[in-house]
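Please take a look at the model shown here. A short report on its parts follows.

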Amino acid sequence: MTDAGNVLRDIRSRIDLLDQQIVQLLAAREDLVRAAGRLKSDTAAVRAPDRVEQVVQRVRGLAKEAGASPEVVDRIYRAMISAFIDLELAVHRADRHPG
Ligand SMILES: C=C(O[C@@H]1C=C(C(=O)O)C=C[C@H]1O)C(=O)O
């Protein structure tokens with residue numbers, strides 16, 4: 001394999017390791033999102049747009065401190081939270097209408 005091919009393979013195996021850690025953190029985050037969903041009284045509370053903005057602004061600041069792109073982190077968080085809201089809405093619905 002070429003030097004570039006070897007370097008790319010090494011980079012990808014390091015990305016795979018990071019993905020393993022990221023997915024573990026996502027699992028822990030999902031548990032907390034599910035717990036939050038069970039405490040909420042209606043779908044507006046599940047969506048909590050003010051809290052979404054607070055989270056996104058905070059992680060943009062963390063991204064700057066860490067040398068990451070705030071725009072990329074912003075987009076990742078908005079996509080991630082959108083998926084968690086869908087999950088939380090399903091949990092909320094199941095709690096209100098069991099069976
Ligand atoms: C977990 C919550 O519910 C939703 C999910 C959020 C998240 O994933 O960070 C934030 C706000 C809500 O849209 C919450 O209200 O804190």
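## Terms and numbering

Helices here are DSSP runs of H or I with at least four residues, strands are DSSP runs of E with at least two, and both are numbered from the N terminus. The expected span of a helix is 1.5 Å times one less than its number of residues.

This is a predicted model, in which local features need pLDDT of at least 70, side-chain atom pairs count only at pLDDT 80 or more, and totals for chains, interfaces and linings use all residues. Residues are numbered from 1 along each chain as its sequence is written.

## The chain as a whole

The protein chain has 4 helices and 0 strands. From the N terminus on, the order is α-α-α-α. The C-alpha trace spans about 60 × 35 × 15 Å along its principal axes.

The radius of gyration of the protein chain is 18 Å, whereas a compact globule of 99 residues would have one near 13 Å. That radius is taken over C-alpha atoms, and the globule rule is 2.2 Å times the number of residues to the power 0.38. Of the 99 residues, 5% are buried. A residue is buried if 20 or more other C-beta atoms lie within 10 Å of its own, exposed if 12 or fewer, and partly exposed in between, with C-beta atoms placed from the backbone.

Contacts also tell something about the chain. Two residues are in contact if their C-beta atoms, placed from the backbone, lie within 7 Å. Among contacts with a separation of 6 or more, 58% join residues 24 or more positions apart.

## The annotated domain

UniProt, in an unreviewed entry, places the feature "domain: Chorismate mutase" at residues 2-92. UniProt positions are given in the numbering used here, feature names are shortened, and annotations may be inferred rather than shown by experiment. Over residues 2-92 the chain is 91% helix and 0% strand. The end C-alpha atoms of this stretch are 53 Å apart.

## Helix H1

Helix H1 covers residues 3-39. Its 37 residues should span 54 Å at 1.5 Å a residue, and the end C-alpha atoms are 54 Å apart, so the two agree. H1 lies largely in the open, because the number of its 37 residues that are buried is 1.

Helix H2 takes in residues 43-47, with Ala44 in it. Ala44 counts as exposed, because it has 9 C-beta neighbours inside 10 Å. Ala44 and Leu89 are 45 residues apart in sequence, yet their C-alpha atoms are 9.8 Å apart in space.

Ala48 lies in the loop between H2 and H3. Its phi is near 35°, a positive value in a residue other than glycine. Ala48 is partly exposed, with 16 other C-beta atoms within 10 Å.

## Helix H3

The 18 residues of H3 should span 26 Å at 1.5 Å a residue, and its end C-alpha atoms are 26 Å apart, which agrees. The number of buried residues in H3 is 0, so this helix lies largely in the open. Just after H3, Gly67 takes a positive phi of about 80°.

Ala63 lies in H3. It is partly exposed, with 18 other C-beta atoms within 10 Å. Leaving aside neighbours within four places in sequence, Ala63 is in contact with Ala68, Ser69, Pro70 and Val73. The C-alpha atoms of Ala63 and Asp74 are separated by 9.0 Å, and the two residues are 11 apart along the chain.

## Helix H4

For H4, 27 residues at 1.5 Å a residue should span 39 Å, and the end C-alpha atoms are 38 Å apart, which agrees. Its buried residues are Phe84, Glu88 and His92. H1 and H2 are among what covers them.

Arg96 is also found in H4. With 10 C-beta neighbours inside 10 Å, Arg96 counts as exposed.

## Around the ligand

Which residues surround the ligand? They are Val33, Ala36, Arg47, Ala48, Arg51, Val52, Val55, Ile81, Phe84, Ile85 and Glu88. Helices H1, H3 and H4 each give two or more residues to this shell. A residue is near a molecule if its C-beta atom, placed from the backbone, lies within 6 Å of it.

H4 gives the largest share, 4 residues. The shell divides into 8 nonpolar, no polar and 3 charged residues. Here Ala, Val, Leu, Ile, Met, Phe, Trp, Tyr, Cys and Pro count as nonpolar, Asp, Glu, Lys and Arg as charged, and the others, Gly among them, as polar.
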